[in-house]
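User: I would like to learn how to read a model like this. Please show me the structure, then take me through its features.

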Amino acid sequence: MAEIVMCEPQELYNLLNQSSRNVSRLAEINYLCLMDAREAQDYKTSHIPTARHANVDSEGTFLLPEAVEVDSMHHVVVYDSNTSCLEEKGRAAKCAQVFAKVSLYPVKILKGGFERFSALYTFLRTEKILYTILELDNLKTYPVEIIAGRLYMSDEKQSMDSSILKDLKISAVVCISESDTVESTFTKGNRTILSIPAADTDASDLSASFERICSFIASNFSADSRVLIVSKHGRSRCSAVTIAFLMHHLKYTLEEAWKHMCKCKPNMRPNTGFLKQLSDWELHTTGTRVTDISEPFY
């Protein structure tokens with residue numbers, strides 16, 4: 001029987017917004033099984049996108065969904081209205097017990113249920129029940145959330161979608177691109193932009209901007225602003241900068257920041273040059289090199 005654990009809203013948000021080659025991972029048949037254990041009428045009124053309703057039999061026992069191979073799912077998440085801990089024996093817990101009997105991976109119960117998730121992510125609610133493969137392929141994905149309600153990371157396409165910026169209430173952007181311009185800060189609309197010119201090559205010196213970037217993000221945090229870090233594909237340059245900020249702001253080692261980032265965006269990957277610069281940054285921020293970057297993990 002699989003373990004049953006709690007899942008923070010941020011974790012589910014990030015699961016919903018993973019992509020591979022600009023296609024939502026929700027289109028993968030064995031990626032995520034998201035189950036709504038509330039009453040049918042509540043589900044029909046509004047639910048989290050791609051969630052299936054968890055049906056019950058005549059005795060009130062939850063049933064496994066048809067045409068879903070639960071044992072092959074990498075992620076199984078169950079939610080009800082507001083379950084907040086494993087000790088509660090509500091609908092989510094009862095549903096999770098059924099799924100745990102067949103799942104090969106931990107079954108997660110969404111902490112705070114639909115009520116908390118929809119309060120935090122009001123834009124991720126829907127009445128849509130059925131999706132075609134094409135619709136799943138083309139589902140809009142949002143920037144991943146690195147620090148809940150504070151820091152996000154994305155590719156250029158997402159950063160240019162005004163509805164995404166509005167939904168996430170982004171008011172400051174760190175943009176890392178291969179432009180020939182010098183490092184600069186300017187205002188565009190109602191947002192402050194820090195532009196950092198840096199190519200995605202091993203020879204590019206991104207670390208020269210770490211102090212400036214960390215100061216910019218920290219000052220926006222102090223003003224209660226939400227910050228988005230952007231690079232072309234959202235994998236190498238922006239992840240290197242984000243890791244540097246986590247090390248500076250949260251006093252993480254490189255290993256701790258790396259693991260945190262892998263949870264938020266598993267396919268993030270700073271290039272080799274940036275990794276070496278992050279190792280130097282660890283020495284700068286902690287006074288010692290704690291992380292061995294020669295390990296296969298990196």
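Analyst: Start with helix H9. Of its 13 residues, 11 are buried, so H9 is largely enclosed by the rest of the structure. Buried means under 20% relative accessible area, exposed over 50%, and partly exposed in between (1.4 Å probe, protein chains only). Helices (H or I, at least four residues) and strands (E, at least two) are DSSP runs, numbered from the N terminus. This is a predicted model: local features need pLDDT of at least 70, side-chain atom pairs count only at pLDDT 80 or more, and totals for chains, interfaces and linings use all residues. Residues are numbered from 1 along each chain as its sequence is written, and side-chain values use heavy atoms, leaving out hydrogens and water.

User: Which residues of H9 are buried?

Analyst: They are Arg 237, Cys 238, Ser 239, Ala 240, Val 241, Thr 242, Ile 243, Ala 244, Phe 245, Leu 246 and Met 247. Lys 251 follows H9, with a positive phi near 60°.

User: What span should the 13 residues of H9 have?

Analyst: The expected span of a helix is 1.5 Å times one less than its number of residues. For H9 (residues 237-249) that gives 18 Å, and the end C-alpha atoms are 18 Å apart, which agrees.

User: How do I read a pair of aromatic rings?

Analyst: Use the distance of the centres and the angle of the planes. Rings of Phe, Tyr and Trp (its six-membered ring) pair if their centres lie within 6.5 Å; planes under 30 degrees apart count as stacked, over 60 as edge-to-face, and the rest as tilted. The structure holds 9 aromatic pairs. Tyr 13 and Tyr 121 are stacked, at 4.6 Å centre to centre with 15° between the planes. This pair links distant parts of the chain, 108 residues apart: Tyr 13 is in helix H1 (residues 9-16), Tyr 121 in the loop between helix H4 (113-120) and helix H5 (133-137). Both Tyr 13 and Tyr 121 are buried.

User: Which residues do ring pairs link into a cluster?

Analyst: Tyr 13, Phe 117, Tyr 121, Phe 123 and Tyr 142.

User: What about a charge over a ring?

Analyst: The test is NZ of Lys or CZ of Arg within 6 Å of the ring centre and within 35 degrees of the ring normal. Arg 38 lies over the face of Phe 114, 4.1 Å from the ring centre. The charged end of Lys 128 sits over the ring of Tyr 131, at 5.2 Å from its centre.

User: Is Thr 291 buried or exposed?

Analyst: Thr 291 counts as buried because its relative accessibility is 8%. Thr 291 lies in the segment after H11. Contact means heavy atoms within 4.5 Å. Not counting residues up to four places away in sequence, Thr 291 touches Thr 253, Leu 254, Glu 255, Glu 282 and Tyr 298. The side chain of Thr 291 reaches the backbone nitrogen of Glu 255 at 3.0 Å.

User: And the whole chain?

Analyst: The protein chain has 11 helices and 13 strands. Buried residues make up 49% of its 298 residues. Its C-alpha trace spans about 65 × 45 × 35 Å along the principal axes.

Methods: A polar contact is a pair of N or O atoms within 3.5 Å; within protein, one must be able to donate a hydrogen and the other to accept it, and residues adjacent in sequence count only if both atoms are side-chain atoms.
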